[in-house]
Amino acid sequence: MPSAISRRLQTVVEKATRELYQSAPTLFQVGNGPAARCDPSLFKRSAANIWGSGTACLCYCWFQQGHDAVPGEKPSPSSSCLKHHQAILKYLDDITPAMCIMAAVLRIINPSQFFQCFQLPQRITASVPVNYRREMLDLLEFWASPFHCMQVIVNRETLNHRDTRGWAFGYDLLATFGRYSNGVLDLPSIGLSCAYNPGTITGLMGKVLIHGVKPVNGERFCFAQFVRPGVFLRAFPDMKEPQPPHLLDIDIRANTVDFEWDRFQGTPRTFTFTPMSVNHEL
């Protein structure tokens, strides 16, 4: 969805990301993850170096890699959210409108996944033992996304790959920001290359489709929102994985999507997203 995030709101997100990098530069890691995507040679620094480079993983609740099947293992917030707790809370507050727009996109393209994801915080807090519970509740006060995990990926070329640890038929969401040109999202599995300009939101089944982003002219960062099925299975033992949405599930006639986002311990706020207009503001 091109221009889903307005230029004015992009500027807000850019400023927040720059401030996060300045206040917590060690949050953004280089070379921490799969070699095909985290090789240091894939990251670049421009002369301006507005947002640095690296990857920050923000999750209010997940298992450390390989621990989701360990009996008695408790999920917890990601280590980055614990080490840089106050900076992350401020960042989540600053980027709330962009997160709500991404949530509205999921509401349109896969309603069942949207509602399934938004049930997770309530179930986790009510019935799942977790580590660092107080910190998790802090994060949930500011967490405006239906996804429980998000990466902020800064100035990295993304080689073609599949995401092997998510749902097969659940959507991941990508949103791209920055001051760059020549952005292209490659989907070689289906023979497509799509314009990937700042403000674009993309929903894709990352476990099914090979995808990647070539180097751009300028500086770029993106939000990649995703799930870890192990967390859902701990919260909902009988849950089935999302199925591909049927065309009849997608309300293509709707001009607006209204949904209520309730800060976990705060005041409910209702947002309206108008997909037919690229100049909306929240």
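Predicted model: local features only at pLDDT ≥ 70, side-chain atom pairs only at ≥ 80, totals over all residues.
Which residues is Cys81 in contact with, leaving aside its neighbours within four places in sequence? Residues are numbered from 1 along each chain as its sequence is written, and side-chain values use heavy atoms, with hydrogens and water left out.

Now the answer. Cys81 is in contact with Leu58, Cys59, Ile88 and Leu139 once those sequence neighbours are set aside. Contact here means heavy atoms within 4.5 Å. Cys81 sits in helix α3, residues 79-83. Helices (H or I, at least four residues) and strands (E, at least two) are DSSP runs, numbered from the N terminus. Cys81 counts as buried, because its relative accessibility is 0%. The word buried stands for under 20% relative accessible area, exposed for over 50%, and partly exposed for what is in between, with a 1.4 Å probe and protein chains only. Along the chain, Cys81 and Leu139 are 58 residues apart, yet 8.2 Å separates their C-alpha atoms.

Helix α4 (residues 85-94) and helix α8 (residues 133-142) have axes that come within 8 Å and cross at roughly 20 degrees. Therefore α4 is roughly parallel to α8. For the terms: axes are lines fitted to C-alpha atoms, for helices over the stretch in contact, and angles run from 0 to 180 degrees between N-to-C directions. Angles under 35 degrees count as roughly parallel, over 145 as roughly antiparallel, 65 to 115 as roughly perpendicular, and the rest as oblique.

On the α4 side, the contact is made by His85, Ile88, Leu89, Leu92 and Asp93. On the α8 side, Glu135, Asp138, Leu139 and Phe142 take part. Sorted by class, this contact has five nonpolar, one polar and three charged residues. Ala, Val, Leu, Ile, Met, Phe, Trp, Tyr, Cys and Pro count as nonpolar, Asp, Glu, Lys and Arg as charged, and the others, Gly among them, as polar.

Helix α4 has another packing partner, α1. The axes of α1 and α4 are 9 Å apart, and the angle is about 175 degrees. So α1 and α4 are roughly antiparallel to each other. From α1 the contact takes Val12, Ala16, Thr17, Glu19, Leu20 and Ser23. From α4 it takes Ala87, Ile88, Lys90, Tyr91 and Asp94. By class, there are six nonpolar, two polar and three charged residues in this contact.

Phe28 is found in the loop between α1 (7-23) and α2 (35-38). Is Phe28 buried or exposed? Phe28 counts as buried, because its relative accessibility is 6%. Its contacts beyond four places in sequence include Leu20, Tyr21, Thr55 and Val152. Phe28 and Thr55 are 27 residues apart along the chain, with 4.8 Å between their C-alpha atoms.

Thr55 lies in strand β1, residues 54-59. Thr55 is also buried, at a relative accessible area of 9%. Among its contacts outside four places in sequence are Phe28, Phe43, Gln151 and Val152.

That brings us to the strands. Strands of a sheet pair through backbone hydrogen bonds, either parallel or antiparallel. In this model, two strands are said to pair if DSSP finds at least two bridges between them. Strand β2 (residues 149-154) and β9 pair in the antiparallel sense over six bridges. Gln151 has Ala224 of β9 as its bridge partner. Strand β4 (residues 172-181) is joined to β9 by nine bridges, again antiparallel. There, Thr176 stands opposite Cys222 in β9. As for β9 (residues 217-226), eight of its 10 residues are buried.

Not counting residues up to four places away in sequence, Asn217 touches Arg179, Tyr180, Ser181 and Asn182.

Last, an open sheet of four strands, in the order β3-β8-β5-β6, with antiparallel pairing. β3 (158-161) and β6 (192-195) stand at the edges with a single partner strand each, so one side of each has no neighbour in the sheet. Ignoring direction, neighbouring strands of this sheet are turned by 20 degrees against each other on average. Four bridges join β5 (residues 184-187) to β6, and Leu187 stands opposite Leu192 in β6.
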